[in-house]
Each structure stands twice: as structure tokens, then as C-alpha cells.
Amino acid sequence: MIQCFVKNIGESSFENNQFPNLEYVCKTDEKHNEVPRMVHLHENMVEIVLIREGQGTHIIGNKEYKIKKGDLLVYNKNVLHDENSNTETHITTYACGISNLHLKGLDENQLLPDNMEPVINTGDYFSALENIFEIMYSEIFSNKQGSEETSAYLLLSLVSMASKLINSSGNTKERDEYELGQTIKKYIDDHFLENLSVKSLSEKLGISQYYLIRIFKKKTGYSPMQYIIKRKIGLAQNLLINTDLSVVQISEKLGYDNPNYFNVLFTKTIGLPPGKYRKYITEIKTPD
């Protein structure tokens with residue numbers, strides 16, 4: 001028998017020993033690739049995603065990342081992200097949302113320091129992280145007495161392990177070579193619900209339309225108008241999932257006076273009409 005003794009854990013990573021809350025945990029399989037998730041953010045929580053299988057492309061903040069099995073993706077609060085998996089590689093994930101996260105030296109609901117890349121290879125920790133996610137998922141969906149408490153303790157292990165991986169990765173961001181692209185993107189993110197066009201953007205920012213399109217596409221992988229549509233559809237998905245607003249009300253909120261046009265645009269982008277998408281999400285939230 002090999003006996004390992006536990007040393008004093010030392011000072012807690014959590015500010016004032018205040019523990020975070022698990023908002024949700026989910027497990028995606030191949031069928032979920034059929035309904036893409038557009039550009040969106042989480043205002044009051046951190047999201048952690050573990051890539052179980054496959055590969056794909058994600059836009060996180062201002063940069064496009066190639067992701068693969070074994071990667072851990074960390075989205076701090078208010079960080080825009082867009083998921084565009086390759087359906088041929090059958091990408092599957094675990095994910096969880098965390099609120100009330102207070103780590104020493106970081107802002108509330110921030111797991112990743114500002115100077116660190118949001119994609120971390122888990123290496124030898126992959127199996128352990130996968131097991132933690134699987135138990136959390138199974139416990140929450142079992143709906144048995146004590147499952148929330150079990151998952152809450154597992155969440156502490158997940159956050160602690162993720163923090164250790166982040167701090168040891170040394171994966172710091174390089175200085176952004178495309179400050180203009182960042183400026184364009186920030187302006188669009190702040191004003192995408194307004195009536196924007198390439199012409200109005202070029203006039204506002206004082207650059208030619210051709211140069212604006214080229215720089216922005218190099219920065220994000222999308223043309224400005226494609227990105228605006230993704231931002232609007234991403235917001236529409238959030239509203240369909242988290243509110244009782246009607247499709248007409250959501251259409252108006254996004255600046256589309258014609259609900260039929262919004263319906264067609266949403267269907268073309270996501271593959272389902274807004275009403276059916278809301279029903280689809282409601283159904284997959286309930287386990288078989």
C-alpha cells in the first residue's frame with residue numbers, strides 16, 4: 001500500500017472563502033451541431049467548456065481559435081464568443097456556467113486573467129476534468145436529494161483545477177497587430193442594434209469600405225455585415241431561451257420591422273424558425 005499524506009492546503013484561492021454557484025451544466029452530442037450557437041455573451045457568469053471529441057473554430061473576444069479534443073475554453077463574463085464546430089468531426093462538449101466567482105486578484109466572475117489566452121490544453125488533466133463534468137451532469141439531471149450539494153463541491157475542484165492549468169500554461173496573449181480591427185469590432189459590438197451598414201461604418205471610422213471589410217475579416221473571419229447578423233441572431237437566441245418575449249417582440253428589439261424577414265433570416269442562419277428553436281431548446285433541456 002502506498003499512502004499519500006495531505007499537506008496543509010494553505011490559503012484559499014477564493015476571496016474571503018466565498019464559494020461560487022453552479023448555474024448549469026450541460027453535455028452536448030453530435031446532434032447539437034445541427035443547431036449552431038451564434039455570437040453571444042454571459043453578463044453575470046463565467047462559462048467553462050471542455051472539448052470531449054472533434055474539432056472546430058471558435059471566435060472568443062477579438063480572435064479566432066482552432067479548438068480540438070482536450071481543450072478547455074474559458075469565457076469570462078461579458079466576453080463575446082461564437083461556436084462554429086465542424087459537423088464532420090462530430091464535436092462533443094461539456095460546459096457549465098458559474099456565478100458568484102470571487103478569485104483573489106481577479107474581478108468578480110473572472111476565471112481567466114486578461115493577459116491569458118482563453119483556450120488551454122488540458123493534457124494529463126483531461127480525464128480528471130471529464131470525470132468531474134460527467135458526475136456533475138449526472139448528479140444534476142438525476143434530480144436526487146443532495147445532488148446540488150455534491151455538484152457544488154465538485155465545482156470547487158473544477159475551478160481549482162482550471163485555475164492551476166491556466167496559471168501553469170504560460171499561454172499569454174501576443175500584442176494585437178490589428179488595433180483597427182479591434183476598434184471596428186468594438187464599435188459594432190456597442191452599436192449592432194442600430195441601423196449599421198458598411199458605408200455608415202466607414203464614414204464613422206474614417207476609413208474606406210474596402211479597407212474596413214478586409215481588416216475586419218482578417219480579424220474575425222467574417223465581413224462586418226455577417227458579424228452584425230451573427231450578433232443579432234445570438235441575442236435572439238438568448239431572448240428565446242431566457243425570456244417569454246414573442247417572436248414579434250424579439251424581432252422589434254433587434255431592429256427588424258418586418259417579423260417575416262427576421263423569421264427567414266433566423267431560419268437561414270440556425271436551421272430552425274424561432275418558434276421551433278425555442279421548443280427544441282426546451283426539449284433538450286430535459287433528459288431522456
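A crossing of two helices is called left-handed if the near helix is turned anticlockwise from the far one by less than a right angle, and right-handed if it is turned clockwise. The exercises below concern a predicted model.

**Exercise 1. Describe how helices H1 and H2 pack, and state which hand their crossing has.**

Solution. Two packed helices are described by the angle between their axes and the distance between the axes.
- Step 1: the axes of H1 and H2 are 9 Å apart, and the packing angle is about 155°.
- Step 2: angles over 145 degrees count as roughly antiparallel, and H1 and H2 are therefore roughly antiparallel to each other.
- Step 3: the hand of the H1 and H2 crossing is left-handed.
- Step 4: residues of H1 that meet H2 include Phe133, Met136 and Ile140, and among their counterparts in H2 are Leu154, Leu158 and Met161.
- Step 5: sorted by class, this contact of H1 with H2 has 12 nonpolar, five polar and two charged residues.

**Exercise 2. Determine what phi Asn143 has and whether Asn143 is buried or exposed.**

Solution. 
- Step 1: Asn143 belongs to the loop between H1 and H2.
- Step 2: most residues other than glycine have a negative phi. Asn143, which is not a glycine, has a positive phi of about 60°.
- Step 3: the relative accessibility of Asn143 is 61%, so Asn143 counts as exposed.

With a relative accessible area of 44%, Asn78 is partly exposed.

**Exercise 3. Identify which elements supply the largest nonpolar core, and trace the contacts of Cys96.**

Solution. 
- Step 1: the largest nonpolar core holds 31 residues, and those with the most contacts inside it include Ile48, Cys96, Phe133 and Leu158.
- Step 2: two or more residues come from each of strand S3 (46–53), strand S6 (71–75), strand S8 (92–99), helix H1 (126–142) and helix H2 (147–169).
- Step 3: the most is given by H2, with nine residues.
- Step 4: setting aside neighbours within four places in sequence, Cys96 touches, among others, Leu22, Val46, Ile48, Phe133, Met136 and Leu158.

**Exercise 4. Classify the packing of H3 against H4.**

Solution. 
- Step 1: the axes of helix H3 (residues 179–191) and helix H4 (residues 198–205) come within 11 Å and cross at roughly 120°.
- Step 2: the range 65 to 115 degrees counts as roughly perpendicular and over 145 as roughly antiparallel; H3 and H4 are therefore oblique to each other.
- Step 3: the crossing of H3 past H4 is right-handed.
- Step 4: Thr183, Ile184, Tyr187 and Ile188 of H3 make the contact with Leu201, Lys204 and Leu205 of H4.
- Step 5: these residues comprise five nonpolar, one polar and one charged.

Key:
Residues numbered from 1 in each chain as written. Predicted model: local features only at pLDDT ≥ 70, side-chain atom pairs only at ≥ 80, totals over all residues. Heavy atoms only, no water. Axes fitted to C-alpha atoms, helices over the stretch in contact; angles between N-to-C directions. Helix = DSSP H or I, 4+ residues; strand = E, 2+ residues; numbered from the N terminus. Parallel < 35°, antiparallel > 145°, perpendicular 65-115°, else oblique. Contact = heavy atoms within 4.5 Å. Nonpolar A, V, L, I, M, F, W, Y, C, P; charged D, E, K, R; others polar. Core = buried A, V, L, I, M, F, W, Y, C linked by side-chain atoms within 4.5 Å. Buried < 20%, exposed > 50% of the residue type's maximum accessible area, 1.4 Å probe, protein only.
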